[in-house]
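Let's take a walk through this model together, with the viewer open beside the text.

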Amino acid sequence: MSRPTENLQTIRLGMLGCGVVGGGLVKLLAKHRADFRANGFELRLTHLAVRDPGKSRGVDLAGVRISTDPMAVATDPEIDLLVEVMGGNSIAVEAGCAALARGVPLVSANKCGLARSMGRYVEAAAQGGAGIGFEAAAAAHIPIIEVLDRSLACEELSLVKGVINGSTNYILTFMERAGCEYEEALKDAASKGFTEADPTLDVEGIDAAEKLSLLAYKAFGTHVPPDQVHTEGITRVGQVDIRLALEMDHRIKLVAAARRGEEGLSLRVHPALVHHGELLADVDSEFNAIILEGPGFKELTFLGKGAGELPTASAVLNDVVKLAQRPQAGALPGFRRAGAKLPLADTANLRLCYFLRMQVEAPRVNDALTALAGQGVRALSHAQVEHAGANYLGVITDVIEESRMMAALSGISGLDGTGGVRLIRLDKDNYRDIVEREQSSYFGSSIER
Ligand SMILES: NC(=O)c1ccc[n+]([C@@H]2O[C@H](COP(=O)([O-])OP(=O)(O)OC[C@H]3O[C@@H](n4cnc5c(N)ncnc54)[C@H](OP(=O)(O)O)[C@@H]3O)[C@@H](O)[C@H]2O)c1
């Protein structure tokens with residue numbers, strides 16, 4: 001039975017930005033009007049800030065006051081809730097914090113501002129006693145912040161890992177399917193609208209590092225700003241890497257991972273070889289996936305669309321509805337995890353498996369493997385492919401400390417016909433354990449003991 005629609009509470013929304021996400025939100029506000037009324041309230045967009053008020057936006061903004069001053073919207077005494085879908089780490093943050101500090105709840109899709117200025121948001125929210133919803137900023141349509149903040153509030157987590165950038169996933173998938181190099185795949189992604197005009201944030205891993213910072217904050221209660229996340233993009237992944245990885249039953253993905261270990265917290269974004277048997281290996285094109293691990297529940301996985309007009313606007317709207325009904329209900333401050341801030345683990349001390357690629361003439365492959373062993377690098381598996389008239393050797397190593405691997409790299413660089421050995425980390429920390437425990441065919445008959 002729906003509630004009576006008389007005595008509707010009107011919640012006046014201010015909004016900063018009306019581009020892809022903001023435009024989508026305006027459409028969804030109209031579409032769900034009856035749902036809001038059935039729950040005793042209505043949402044009315046009353047004040048909007050954009051850069052160019054004259055621009056045609058293809059959405060109905062009748063009756064909405066439009067300005068070019070985000071701060072005027074944030075400080076408007078006649079708004080009850082602020083939506084920030086503008087982006088950036090300066091004026092958007094100032095305006096969002098100004099609204100929060102005077103008790104106006106904020107819904108933000110701005111991963112850059114939130115990940116870089118988290119402390120300011122938390123302070124402003126505490127000052128005004130209002131909440132912040134930021135589901136759309138982390139993985140758009142995957143409701144992972146709600147899960148971390150509420151459903152798993154009292155679970156111990158050891159790992160949050162995922163493929164959380166759709167543009168790079170599209171590019172890597174295209175490279176694999178079309179057999180082309182990175183530049184051609186980037187052009188195709190741009191022509192289909194899967195990248196921004198400036199793709200740097202996506203392809204250099206910065207977008208994924210911002211999202212990982214937000215996920216780790218909710219998972220572990222420690223804020224690690226994106227510039228402290230070990231970040232490598234996909235621009236150096238070559239067709240030969242993809243082919244060698246496939247030969248050894250792996251695919252290359254841009255993986256973001258936050259892990260709590262004995263030494264503290266490590267946050268990393270980098271291309272990684274993912275075995276065919278793993279869920280992340282099957283996440284293609286613009287899809288995102290997130291895996292959570294913890295001793296109490298072992299593993300949970302989430303798959304969905306991590307960007308786009310309606311998936312993102314829908315995540316914004318769900319937060320708006322939550323905060324409209326309970327202004328303190330945001331994921332910030334949300335459920336706080338007690339305990340000291342976790343220290344950051346030194347990447348040099350991480351113990352991982354690695355993929356190495358080098359140009360070696362076929363008759364010299366055994367010499368190369370012997371030379372690797374001489375440097376303390378044990379090969380678990382290897383493969384060769386012919387590419388552009390040269391023979392390439394790919395090797396998956398046993399677990400080795402990152403600092404030792406880096407030292408060994410300089411010792412083996414002479415093995416490569418061109419003098420440059422390429423290194424890509426594996427997604428799993430220890431493939432040998434998996435192989436031995438499950439007696440699976442991860443490395444087929446080529447596992448070298
Ligand atoms: N697009 C996605 O799939 C997606 C997914 C997750 C999160 N997000 C986040 O959502 C936010 C918005 O993304 P979007 O794709 O909607 O961006 P967008 O299409 O570029 O829209 C940005 C909007 O902000 C306005 N704006 C920018 N600077 C302004 C300023 N100084 N003063 C007033 N208005 C200003 C622009 O006005 P004009 O229109 O007049 O230029 C535009 O309406 C970003 O933080 C983004 O990271 C986006």
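Predicted model: local features only at pLDDT ≥ 70, side-chain atom pairs only at ≥ 80, totals over all residues.

On the α1 side, the contact is made by Val20, Val21, Gly23, Gly24, Leu25, Lys27, Leu28 and Leu29. Facing them from α14 are Glu309, Leu310, Thr312, Ala313, Ser314, Val316 and Leu317. Sorted by class, the residues of this contact comprise nine nonpolar, four polar and two charged.

Now let's turn to the ligand. There are 22 residues around the ligand, and those that come nearest are Cys18, Val21, Asp52, Arg57 and Gly308. Val21 is also one of the α1 residues in the contact with α14. A backbone N or O atom of Gly308 lies 2.7 Å from a ligand oxygen atom. For Val20, a backbone N or O atom lies 2.9 Å from an oxygen atom of the ligand, and for Gly19 the corresponding distance from a backbone N or O atom to a ligand oxygen is 3.2 Å. Val20, too, takes part in the contact between α1 and α14.

For another packing arrangement, move on to helix α8 (residues 144-151) and helix α12 (residues 206-220). Their axes come within 9 Å and cross at roughly 15 degrees, and α8 and α12 are therefore roughly parallel to each other. This crossing is left-handed. Here Ile144, Ile145, Leu148 and Asp149 of α8 meet Leu214, Leu215, Lys218 and Ala219 of α12. The residues of this contact divide into six nonpolar, no polar and two charged.

One further pair is helix α9 (residues 166-178) with helix α13 (residues 239-247), whose axes come within 10 Å and cross at roughly 75 degrees. That angle makes α9 roughly perpendicular to α13. Leu172, Met175 and Glu176 of α9 make the contact with Gln239, Ile242 and Leu246 of α13. By class, there are four nonpolar residues, one polar and one charged.

Finally, let's check the backbone. Most residues other than glycine have a negative phi, and most peptide bonds are trans. Where can you find a positive phi of about 50 degrees in a residue that is not a glycine? Look at Ala140, which has that value and lies in the loop between α7 (135-139) and α8. The peptide bond from Leu332 to Pro333 also deserves a look: this bond is cis, with omega near 0 degrees. You will find Pro333 in the loop between α14 and β13 (351-352).

Methods. Residues numbered from 1 in each chain as written. Heavy atoms only, no water. Contact = heavy atoms within 4.5 Å. Helix = DSSP H or I, 4+ residues; strand = E, 2+ residues; numbered from the N terminus. Nonpolar A, V, L, I, M, F, W, Y, C, P; charged D, E, K, R; others polar. Near = heavy atom within 4 Å. Polar contact = N/O pair within 3.5 Å; in protein donor to acceptor, adjacent residues only side chain to side chain. Axes fitted to C-alpha atoms, helices over the stretch in contact; angles between N-to-C directions. Parallel < 35°, antiparallel > 145°, perpendicular 65-115°, else oblique. Left-handed = near helix turned anticlockwise from the far one by under 90°.
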